[in-house]
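Hello,

Here is the structure I said I would pass on. My notes follow below it.

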Amino acid sequence: MSTSRNLEERYHFFEGYSIRYVKGKNEYDRTKPNVILIHGFGGNADQWRNNASYFANEKKYNVYALDLLG
């Protein structure tokens, strides 16, 4: 994903698998609600780039878009 300036791409390693996710660059704030975007069959986190960017810009949310395994 070509991330926008308010999103960053990261990886989480779980039981030998590398799982990509995109998150808002703003600091995590436990007082804000989390928005977790999960794609459908045959998709990936890139499908949510506009939505994730919107929620990250609002700065009212902690936003994450996940790539599912498979």
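Asp67 touches Ile19, Arg20, His39, Asn44 and Ala45, leaving aside residues up to four places away in sequence. Please keep in mind that this is a predicted model.

Asp67 sits in the segment that follows β4 (62-66). Its relative accessible area is 15%, and because the cut-off for buried is under 20%, Asp67 counts as buried.

Next, a backbone point. Glu15 lies in the loop between β1 (7-14) and β2 (17-24). Its phi is positive, about 45°, although the residue is not a glycine. Most residues other than glycine have a negative phi. Glu15 is exposed, with 67% relative accessibility.

Last, the aromatic rings. The model has 2 aromatic pairs. Tyr54 and Phe55 form an edge-to-face pair, with 5.4 Å between centres and 70° between the planes. Phe55 also pairs edge-to-face with Tyr61, at 5.1 Å centre to centre and 80° between the planes. These ring pairs link Tyr54, Phe55 and Tyr61 into a cluster. Tyr54 is partly exposed at 47% relative accessible area, and Tyr61 is partly exposed at 24%.

Regards

Notes: Residues numbered from 1 in each chain as written. Predicted model: local features only at pLDDT ≥ 70, side-chain atom pairs only at ≥ 80, totals over all residues. Heavy atoms only, no water. Helix = DSSP H or I, 4+ residues; strand = E, 2+ residues; numbered from the N terminus. Buried < 20%, exposed > 50% of the residue type's maximum accessible area, 1.4 Å probe, protein only. Contact = heavy atoms within 4.5 Å. Phe/Tyr/Trp six-rings, centres within 6.5 Å; stacked < 30°, edge-to-face > 60°.
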